[in-house]
Amino acid sequence: ILLLPDFCFSHVLVRFGFLIEQSHTSATVRARTLWDIVGAAGVPVGVVGWPLTFPAPAVRGYLVSDTYHRLISTPSGIDDPSAVYPPDIQADAFQAVEAVGSDEEPVIRAAALEPRYLTPARTDRMYERIARDLAVTRPTSLTTVRYQSLDAIGHYFLRYANPTGFGDVTDEERRRFGSVLEQHYALIDAAVGRAIASLGADDLLLVVSGYGMEPMGVLKRLLERVVGDPELSGTHEAAPDGFLMAYGGPVVGGRRSTRASVVDVVPTVLYFLGLPIGRDMDGYARTDLFQRPLTDARPITYIPTYEK
(Lines give C-alpha, C1' and ligand atoms only; values in the text may rest on other atoms or scores of the structure.)
Protein backbone atom coordinates (compact mmCIF):
# COMPACT_ATOMS: atom_id res chain seq x y z
CA ILE A 1 0.00 0.00 0.00
CA LEU A 2 1.59 3.28 -1.09
CA LEU A 3 0.78 6.04 1.37
CA LEU A 4 3.88 8.23 1.22
CA PRO A 5 5.94 9.49 -1.76
CA ASP A 6 9.54 8.45 -2.34
CA PHE A 7 12.25 10.44 -0.58
CA CYS A 8 9.92 11.88 2.06
CA PHE A 9 12.28 10.35 4.67
CA SER A 10 9.44 9.20 6.91
CA HIS A 11 11.75 7.19 9.20
CA VAL A 12 13.87 10.28 9.76
CA LEU A 13 10.73 12.15 10.80
CA VAL A 14 10.01 9.34 13.28
CA ARG A 15 13.53 9.51 14.72
CA PHE A 16 13.21 13.24 15.30
CA GLY A 17 9.76 12.95 16.86
CA PHE A 18 7.72 14.63 14.11
CA LEU A 19 5.83 11.37 13.49
CA ILE A 20 4.88 8.74 16.05
CA GLU A 21 5.30 5.06 15.27
CA GLN A 22 2.56 2.90 16.74
CA SER A 23 2.75 -0.89 16.59
CA HIS A 24 -0.21 -2.88 15.34
CA THR A 25 -1.62 -5.89 17.20
CA SER A 26 -3.73 -8.90 16.26
CA ALA A 27 -6.80 -6.77 16.96
CA THR A 28 -5.80 -4.50 14.05
CA VAL A 29 -6.35 -7.24 11.46
CA ARG A 30 -9.92 -7.05 10.21
CA ALA A 31 -9.68 -9.45 7.25
CA ARG A 32 -9.78 -13.14 8.07
CA THR A 33 -6.41 -14.85 8.14
CA LEU A 34 -5.59 -18.10 6.38
CA TRP A 35 -5.43 -19.99 9.68
CA ASP A 36 -8.81 -18.59 10.71
CA ILE A 37 -10.41 -19.61 7.42
CA VAL A 38 -9.12 -23.19 7.39
CA GLY A 39 -9.63 -23.58 11.14
CA ALA A 40 -13.30 -22.72 10.73
CA ALA A 41 -13.50 -25.50 8.14
CA GLY A 42 -12.26 -27.99 10.75
CA VAL A 43 -8.61 -28.07 9.66
CA PRO A 44 -6.20 -27.99 12.63
CA VAL A 45 -3.46 -25.37 12.21
CA GLY A 46 -0.09 -24.48 13.70
CA VAL A 47 1.08 -20.85 13.45
CA VAL A 48 4.57 -19.92 14.65
CA GLY A 49 6.45 -16.62 14.56
CA TRP A 50 4.05 -14.54 12.46
CA PRO A 51 3.62 -10.78 12.95
CA LEU A 52 0.31 -9.30 14.03
CA THR A 53 -0.50 -12.35 16.14
CA PHE A 54 -0.15 -10.71 19.56
CA PRO A 55 -2.17 -11.03 21.71
CA ALA A 56 -2.50 -14.59 20.47
CA PRO A 57 -5.98 -15.13 18.97
CA ALA A 58 -7.88 -18.37 19.43
CA VAL A 59 -7.24 -20.88 16.64
CA ARG A 60 -8.15 -24.50 15.94
CA GLY A 61 -4.76 -25.86 16.88
CA TYR A 62 -1.97 -23.72 18.29
CA LEU A 63 -0.37 -20.31 17.75
CA VAL A 64 2.94 -18.88 18.99
CA SER A 65 3.25 -15.14 18.31
CA ASP A 66 6.38 -13.44 17.00
CA THR A 67 6.56 -11.56 20.30
CA TYR A 68 7.08 -14.77 22.29
CA HIS A 69 10.89 -14.60 22.30
CA ARG A 70 10.82 -11.07 23.68
CA LEU A 71 8.16 -11.85 26.28
CA ILE A 72 10.01 -14.78 27.82
CA SER A 73 13.22 -12.75 28.10
CA THR A 74 11.64 -10.83 31.00
CA PRO A 75 10.87 -12.35 34.41
CA SER A 76 7.27 -11.17 34.27
CA GLY A 77 6.76 -12.60 30.79
CA ILE A 78 7.84 -16.21 31.38
CA ASP A 79 4.43 -17.19 32.73
CA ASP A 80 2.44 -14.71 30.60
CA PRO A 81 0.24 -16.75 28.21
CA SER A 82 -0.77 -13.81 26.00
CA ALA A 83 1.74 -14.71 23.25
CA VAL A 84 0.55 -18.31 22.83
CA TYR A 85 -2.71 -20.17 22.27
CA PRO A 86 -3.87 -22.32 23.89
CA PRO A 87 -2.20 -21.31 27.17
CA ASP A 88 -1.29 -24.92 27.99
CA ILE A 89 1.37 -25.03 25.23
CA GLN A 90 3.44 -22.54 27.22
CA ALA A 91 5.45 -25.32 28.88
CA ASP A 92 6.14 -27.11 25.57
CA ALA A 93 7.22 -23.88 23.88
CA PHE A 94 9.51 -22.89 26.73
CA GLN A 95 11.07 -26.35 26.78
CA ALA A 96 11.93 -25.94 23.09
CA VAL A 97 13.50 -22.54 23.82
CA GLU A 98 15.65 -24.04 26.56
CA ALA A 99 16.76 -26.84 24.23
CA VAL A 100 17.97 -24.28 21.70
CA GLY A 101 19.65 -22.23 24.43
CA SER A 102 21.60 -25.25 25.68
CA ASP A 103 23.09 -25.89 22.23
CA GLU A 104 26.74 -24.92 22.46
CA GLU A 105 27.19 -24.83 18.69
CA PRO A 106 27.32 -21.15 17.59
CA VAL A 107 24.45 -20.13 15.36
CA ILE A 108 26.59 -17.77 13.28
CA ARG A 109 30.39 -17.89 13.04
CA ALA A 110 31.83 -14.42 12.47
CA ALA A 111 34.46 -12.28 14.09
CA ALA A 112 33.33 -9.79 16.73
CA LEU A 113 29.62 -9.65 15.84
CA GLU A 114 27.55 -7.51 18.17
CA PRO A 115 24.86 -9.43 20.10
CA ARG A 116 22.07 -7.62 18.25
CA TYR A 117 23.26 -9.22 15.00
CA LEU A 118 23.15 -12.70 16.51
CA THR A 119 19.59 -12.39 17.85
CA PRO A 120 17.71 -12.82 14.52
CA ALA A 121 19.36 -16.19 13.78
CA ARG A 122 18.78 -17.45 17.32
CA THR A 123 15.17 -16.34 17.09
CA ASP A 124 14.63 -18.24 13.83
CA ARG A 125 16.21 -21.36 15.30
CA MET A 126 14.02 -21.03 18.39
CA TYR A 127 10.77 -20.75 16.43
CA GLU A 128 11.73 -23.64 14.16
CA ARG A 129 12.40 -25.82 17.21
CA ILE A 130 9.05 -24.82 18.73
CA ALA A 131 7.25 -25.76 15.50
CA ARG A 132 9.08 -29.09 15.24
CA ASP A 133 8.37 -30.05 18.85
CA LEU A 134 4.70 -29.03 18.70
CA ALA A 135 4.30 -30.95 15.44
CA VAL A 136 4.95 -34.11 17.46
CA THR A 137 2.69 -33.36 20.42
CA ARG A 138 -0.03 -31.47 18.52
CA PRO A 139 -0.26 -32.69 14.90
CA THR A 140 -1.86 -30.29 12.42
CA SER A 141 -2.91 -30.32 8.77
CA LEU A 142 -1.52 -26.84 8.07
CA THR A 143 1.62 -25.44 9.70
CA THR A 144 3.07 -22.04 8.85
CA VAL A 145 6.38 -20.76 10.22
CA ARG A 146 7.97 -17.38 9.54
CA TYR A 147 11.73 -16.83 9.43
CA GLN A 148 12.87 -13.23 9.87
CA SER A 149 16.67 -13.27 10.07
CA LEU A 150 17.40 -12.89 6.34
CA ASP A 151 15.54 -9.59 6.23
CA ALA A 152 17.00 -8.22 9.45
CA ILE A 153 20.58 -9.19 8.61
CA GLY A 154 20.34 -8.32 4.91
CA HIS A 155 19.72 -4.68 5.74
CA TYR A 156 23.09 -4.50 7.52
CA PHE A 157 25.35 -7.08 5.87
CA LEU A 158 24.45 -6.84 2.19
CA ARG A 159 27.40 -4.49 1.67
CA TYR A 160 29.86 -7.17 2.82
CA ALA A 161 28.23 -9.95 0.79
CA ASN A 162 28.07 -7.72 -2.32
CA PRO A 163 30.98 -5.27 -1.93
CA THR A 164 31.04 -4.30 -5.61
CA GLY A 165 27.68 -2.61 -5.15
CA PHE A 166 29.16 -0.18 -2.62
CA GLY A 167 32.84 0.36 -3.40
CA ASP A 168 33.95 1.23 0.14
CA VAL A 169 34.28 -2.23 1.71
CA THR A 170 37.79 -3.01 2.89
CA ASP A 171 39.45 -6.40 2.53
CA GLU A 172 39.44 -6.75 6.31
CA GLU A 173 35.68 -6.07 6.51
CA ARG A 174 35.01 -8.55 3.74
CA ARG A 175 37.12 -11.19 5.51
CA ARG A 176 35.35 -10.66 8.83
CA PHE A 177 31.77 -10.14 7.68
CA GLY A 178 31.54 -11.35 4.08
CA SER A 179 30.06 -14.72 5.08
CA VAL A 180 27.50 -13.45 7.62
CA LEU A 181 24.58 -13.16 5.18
CA GLU A 182 25.52 -16.45 3.52
CA GLN A 183 25.50 -18.19 6.90
CA HIS A 184 21.96 -16.92 7.50
CA TYR A 185 20.93 -18.35 4.13
CA ALA A 186 22.49 -21.64 5.21
CA LEU A 187 20.45 -21.52 8.42
CA ILE A 188 17.20 -21.15 6.48
CA ASP A 189 18.27 -23.70 3.87
CA ALA A 190 18.84 -26.23 6.64
CA ALA A 191 15.37 -25.55 8.07
CA VAL A 192 13.83 -26.02 4.61
CA GLY A 193 15.81 -29.24 4.20
CA ARG A 194 14.45 -30.62 7.47
CA ALA A 195 10.91 -29.70 6.38
CA ILE A 196 11.38 -31.49 3.05
CA ALA A 197 12.72 -34.57 4.81
CA SER A 198 9.60 -34.69 7.00
CA LEU A 199 7.11 -34.61 4.10
CA GLY A 200 4.71 -37.47 3.61
CA ALA A 201 3.80 -38.81 0.19
CA ASP A 202 0.82 -36.46 -0.20
CA ASP A 203 2.20 -33.43 1.69
CA LEU A 204 2.91 -29.98 0.23
CA LEU A 205 5.62 -27.55 1.30
CA LEU A 206 5.55 -23.93 0.09
CA VAL A 207 8.62 -21.74 0.62
CA VAL A 208 7.62 -18.11 0.09
CA SER A 209 9.63 -14.90 0.02
CA GLY A 210 7.56 -11.76 -0.38
CA TYR A 211 10.35 -9.52 -1.67
CA GLY A 212 14.06 -9.26 -2.39
CA MET A 213 16.73 -6.74 -1.41
CA GLU A 214 19.12 -4.45 -3.25
CA PRO A 215 21.95 -2.07 -2.27
CA MET A 216 20.71 1.19 -0.82
CA GLY A 217 21.26 4.20 -3.08
CA VAL A 218 24.09 6.65 -2.44
CA LEU A 219 21.75 9.49 -1.41
CA LYS A 220 19.99 7.45 1.23
CA ARG A 221 23.24 5.97 2.49
CA LEU A 222 24.59 9.48 2.99
CA LEU A 223 21.41 10.53 4.77
CA GLU A 224 21.58 7.51 7.08
CA ARG A 225 25.18 8.34 7.95
CA VAL A 226 24.23 11.90 8.88
CA VAL A 227 20.91 11.52 10.72
CA GLY A 228 20.10 7.83 10.87
CA ASP A 229 21.76 4.43 11.04
CA PRO A 230 25.10 4.53 9.18
CA GLU A 231 25.36 0.73 9.03
CA LEU A 232 22.26 0.24 6.89
CA SER A 233 23.10 -0.96 3.39
CA GLY A 234 20.13 -2.96 2.03
CA THR A 235 16.72 -1.75 0.94
CA HIS A 236 13.52 -3.16 -0.59
CA GLU A 237 12.96 -0.17 -2.88
CA ALA A 238 12.98 -1.38 -6.50
CA ALA A 239 14.42 -4.66 -5.22
CA PRO A 240 13.93 -7.98 -7.03
CA ASP A 241 10.62 -9.79 -6.64
CA GLY A 242 10.16 -12.57 -4.14
CA PHE A 243 9.55 -16.18 -5.07
CA LEU A 244 7.49 -19.27 -4.32
CA MET A 245 8.97 -22.78 -4.35
CA ALA A 246 6.80 -25.86 -4.03
CA TYR A 247 7.90 -29.32 -2.87
CA GLY A 248 6.08 -32.60 -2.34
CA GLY A 249 4.65 -35.65 -4.04
CA PRO A 250 1.71 -33.81 -5.70
CA VAL A 251 3.98 -31.11 -7.21
CA VAL A 252 5.04 -31.00 -10.85
CA GLY A 253 8.82 -31.23 -10.63
CA GLY A 254 11.58 -29.45 -12.49
CA ARG A 255 9.70 -26.56 -14.08
CA ARG A 256 9.49 -22.82 -13.67
CA SER A 257 5.99 -21.45 -13.47
CA THR A 258 4.72 -18.25 -15.02
CA ARG A 259 4.84 -14.98 -13.13
CA ALA A 260 2.64 -15.02 -10.05
CA SER A 261 1.91 -12.94 -6.96
CA VAL A 262 2.10 -13.34 -3.21
CA VAL A 263 -1.69 -13.05 -3.10
CA ASP A 264 -1.87 -16.40 -4.93
CA VAL A 265 -0.60 -18.24 -1.83
CA VAL A 266 -3.88 -18.32 0.11
CA PRO A 267 -6.07 -19.46 -2.82
CA THR A 268 -3.48 -22.12 -3.68
CA VAL A 269 -3.41 -23.46 -0.12
CA LEU A 270 -7.22 -23.49 0.04
CA TYR A 271 -7.37 -25.37 -3.26
CA PHE A 272 -4.82 -27.94 -2.09
CA LEU A 273 -6.82 -28.52 1.12
CA GLY A 274 -9.99 -29.07 -0.92
CA LEU A 275 -11.64 -25.85 0.27
CA PRO A 276 -13.44 -23.29 -1.90
CA ILE A 277 -11.80 -20.00 -2.87
CA GLY A 278 -13.42 -16.67 -2.07
CA ARG A 279 -14.44 -14.83 -5.21
CA ASP A 280 -13.40 -11.57 -3.54
CA MET A 281 -9.81 -12.78 -3.04
CA ASP A 282 -7.19 -10.98 -5.09
CA GLY A 283 -5.14 -14.02 -6.06
CA TYR A 284 -5.66 -17.23 -8.01
CA ALA A 285 -5.21 -20.91 -7.22
CA ARG A 286 -1.97 -21.99 -8.89
CA THR A 287 -3.20 -25.35 -10.12
CA ASP A 288 -0.24 -25.45 -12.54
CA LEU A 289 1.97 -26.37 -9.57
CA PHE A 290 0.29 -29.74 -9.20
CA GLN A 291 0.28 -33.00 -11.13
CA ARG A 292 -2.69 -34.05 -13.24
CA PRO A 293 -4.00 -36.81 -10.93
CA LEU A 294 -4.64 -34.17 -8.27
CA THR A 295 -6.06 -31.45 -10.51
CA ASP A 296 -8.26 -33.85 -12.49
CA ALA A 297 -9.87 -35.12 -9.29
CA ARG A 298 -10.14 -31.68 -7.64
CA PRO A 299 -11.93 -28.95 -9.59
CA ILE A 300 -11.70 -25.38 -8.33
CA THR A 301 -14.72 -24.36 -6.28
CA TYR A 302 -15.79 -20.94 -5.05
CA ILE A 303 -17.83 -19.17 -2.41
CA PRO A 304 -18.73 -15.47 -2.54
CA THR A 305 -16.55 -14.52 0.47
CA TYR A 306 -14.98 -15.76 3.70
CA GLU A 307 -15.41 -12.43 5.41
CA LYS A 308 -17.91 -12.36 8.24
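Analyst: A charge counts as sitting over a ring if NZ of Lys or CZ of Arg is within 6 Å of the ring centre and within 35 degrees of the ring normal. In this predicted model, the charged end of R279 sits over the ring of Y302, 4.3 Å from its centre.

User: What makes the charged end of R116 sit over the ring of Y156?

Analyst: The charged end of R116 is 5.6 Å from the centre of the Y156 ring, and the limit is within 6 Å. Y156 also belongs to a cluster linked by ring pairs, together with Y117, F157, Y160 and F177.

User: Why is the pair of Y117 and F157 called edge-to-face?

Analyst: Their planes are 85° apart, and over 60 counts as edge-to-face. The centres are 5.0 Å apart, against a pairing limit of within 6.5 Å. Y117 lies in helix α5 and F157 in helix α6, so the pair ties together parts that are 40 residues apart in sequence.

User: Why is the pair of Y271 and F290 called tilted?

Analyst: The angle between the planes is 35°; under 30 degrees would be stacked and over 60 edge-to-face, so the rest count as tilted. The centres are 6.0 Å apart. Y271 is in helix α10, while F290 is in the loop between β9 and α11, 19 residues away.

User: How do you know whether Y271 is buried or exposed?

Analyst: Its relative accessible area is 3%, and buried means under 20%, so Y271 is buried. F290, with 4%, is buried as well.

User: How many aromatic pairs are there?

Analyst: The count comes to eight aromatic pairs.

Technical notes:
Residues are numbered from 1 along each chain as its sequence is written. This is a predicted model: local features need pLDDT of at least 70, side-chain atom pairs count only at pLDDT 80 or more; totals for chains, interfaces and linings use all residues. Side-chain values use heavy atoms; hydrogens and water are left out. Helices (H or I, at least four residues) and strands (E, at least two) are DSSP runs, numbered from the N terminus. Buried means under 20% relative accessible area, exposed over 50%, partly exposed in between (1.4 Å probe, protein chains only).
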